[in-house]
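Colleague: I would like to go through this structure with you, beginning with the ligand and then turning to the chain. Could you take my questions as they come?

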Amino acid sequence: MGPGGQILDWLRGAPGPLSGAELARRLGCSRAAVWKQVAALRREGYEIRGTPSAGYVLAGVPDRLGPSELSPYLRGSWRRVEWRAEVDSTQHLARDLARAGAPEGTVVVAESQTGGRGRLGRQWHSPPGVNLYCSLVLRPSAPLAVVPCLALVAGLAVADAVSDVAPLRAGLKWPNDVLVGGRKVAGILTELEAEVERVHHVIAGIGVNLNGGPEDFPPELAAKATSLRLASGHQVNRAVFTAGLLAALEARYTRFLAAGFAAMRSEWEAYSSLTGKEVRVTAPEGEVTGRVLGVDDDGALRLAGPRGELRVVGGEVTVADGYE
Ligand code: BTN
């Protein structure tokens, strides 16, 4: 952590004002150097009030998801945060970091994306400063076959995090959309690099609509998507949400590695918005229809089809009555 980060930490933890002399003593530098650090923090958006007699007080932090804003709220061991004001896609930066050896739990967060990517080659609209766009580096020492379950595990963690910050009932639409009131609030894109027998890394990309208004959605999504603010009527503290999501992800992922998806299958099903619905699943190998029974221990969707029970391992689900 640099001197600016340390000053923020001390100001946050102080019961009252901290003098320039005290900060200089702690940093082992001059008061003029402290003043320069404070001026730089103010330029970054921190509201630091100060008088020569009383000292400095942290009166406000910017609504941003950088390491300094997240660190007071981070709870687990995943604390390496790479923040950017703008990227093409956090998936790309996380992949490059993973290729360069970034450890498991490294998270890339951006305020906006110019080329945000969704599943099945779609775009992920990523306006600045209102939502969460993050990509997490995972290095599961598990066979390739378990990787599809990671998307379900991530969905479960997002549903946990949504339920923690807002009095909302989150729903999971298999495989990994997170819905509130039948509208999408979050999407997950898992990508991997692997050999036949060994996973190098998985990049779990998560986009959550937090504080956007109707103007933040492209017209074609206006009726299908929402944000936590629109659904709950309350502004979400983005740093608190992000830290809660990382803690939930770490907890769910650790449990998944130890005990498999079977250990959380019933919790996943409790969030499922599809159980009992008549659906059509479109996959590259064709289309099937049936009534959703639940999910299997390996994350496959179970359907009661016209000719008996079916299992579907991937695809796009459409609900027959249109309401999810
Ligand atoms: C989907 O529902 O289609 C998945 C959307 C995933 C969006 C996130 S935002 C952060 C990360 N970076 C991207 O380019 N995509 C994922």
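This is a predicted model: local features need pLDDT of at least 70, side-chain atom pairs count only at pLDDT 80 or more; totals for chains, interfaces and linings use all residues.

Colleague: Which residues come nearest to the ligand?

Modeller: There are 20 residues around the ligand, and those that come nearest are Ser 89, Gln 113, Arg 117, Arg 119 and Lys 184.

Colleague: What is the distance from a nitrogen atom of the ligand to a polar side-chain atom of Gln 113?

Modeller: That distance is 2.9 Å. The side chain of Thr 90 also has an N or O atom 3.0 Å from a nitrogen atom of the ligand.

Colleague: And which atom of Arg 119 lies 2.7 Å from an oxygen atom of the ligand?

Modeller: It is a polar backbone atom of Arg 119 that lies 2.7 Å from the ligand oxygen.

Colleague: How much of the ligand's accessible area does the protein cover?

Modeller: On its own the ligand has 420 Å² of accessible area, and the protein covers 98% of that.

Colleague: Which pocket is the space taken by the ligand?

Modeller: The ligand takes the space of the largest pocket.

Colleague: Which elements give two or more residues to the shell?

Modeller: They are helix H5 (90–99) together with the strands S5 (132–138), S8 (183–194) and S9 (199–208).

Colleague: Where does the largest share come from?

Modeller: Strand S8 gives the largest share of the shell, with four residues.

Colleague: Back to Gln 113, then. Where is Gln 113 found, and is Gln 113 buried or exposed?

Modeller: Gln 113 is found in strand S4, which covers residues 107–113. Gln 113 counts as buried because its relative accessible area is 11%, and buried means under 20%.

Colleague: What does the side chain of Gln 113 reach within the protein?

Modeller: The side chain of Gln 113 reaches the backbone nitrogen of Thr 90 at 2.9 Å. A polar contact of 3.0 Å also joins the side chain of Gln 113 to that of Ser 126.

Colleague: Let us change topic to the backbone. Which peptide bond is cis?

Modeller: The bond from Trp 174 to Pro 175 is cis, with omega near 5 degrees. Pro 175 has its place in the loop between strand S6 (170–173) and strand S7 (177–180).

Colleague: What is phi of Leu 120?

Modeller: Phi of Leu 120 is near 55 degrees, which is positive although the residue is not glycine. Leu 120 lies in the loop between S4 and S5.

Colleague: Why mention such cases at all?

Modeller: Because most peptide bonds are trans, and most residues other than glycine have a negative phi.

Colleague: Is Leu 120 buried or exposed?

Modeller: Leu 120 counts as exposed because its relative accessibility is 58%, and the cut-off for exposed is over 50%.

Colleague: Now some separations along the chain. How far apart are the C-alpha atoms of Thr 106 and Val 81?

Modeller: They are separated by 6.2 Å, and the two residues are 25 residues apart along the chain. Thr 106 lies in the loop between H5 and S4 and is buried, with a relative accessible area of 0%.

Colleague: And how far apart in space are Ala 300 and Pro 148?

Modeller: Ala 300 and Pro 148 are 9.0 Å apart, C-alpha to C-alpha, and 152 residues apart in sequence. Ala 300 is in the loop between strand S11 (286–295) and strand S12 (301–305), and at 1% relative accessibility it counts as buried.

Colleague: Lastly, what separates the C-alpha atoms of Ala 270 and Ile 7?

Modeller: Those C-alpha atoms are separated by 45 Å, with the residues 263 apart along the chain. Ala 270 is found in helix H9 (residues 265–271) and counts as exposed at 54% relative accessibility.

Definitions and conventions
Residues are numbered from 1 along each chain as its sequence is written. Side-chain values use heavy atoms; hydrogens and water are left out. A residue is near a molecule or strand if one of its heavy atoms lies within 4 Å of it. A polar contact is a pair of N or O atoms within 3.5 Å; within protein, one must be able to donate a hydrogen and the other to accept it, and residues adjacent in sequence count only if both atoms are side-chain atoms. Accessible areas come from the Shrake-Rupley method with a 1.4 Å probe; for residues, only the protein chains shown count as cover. On a 1 Å grid over the protein atoms alone, a cavity is a set of points where a 1.4 Å probe fits but cannot get out, and a pocket is an open set with protein on both sides within 12 Å along at least five of seven lines; lining residues have an atom within 4 Å of a point. A molecule sits in a cavity or pocket if more than half of its atoms lie within 2 Å of its grid points. Buried means under 20% relative accessible area, exposed over 50%, partly exposed in between (1.4 Å probe, protein chains only).
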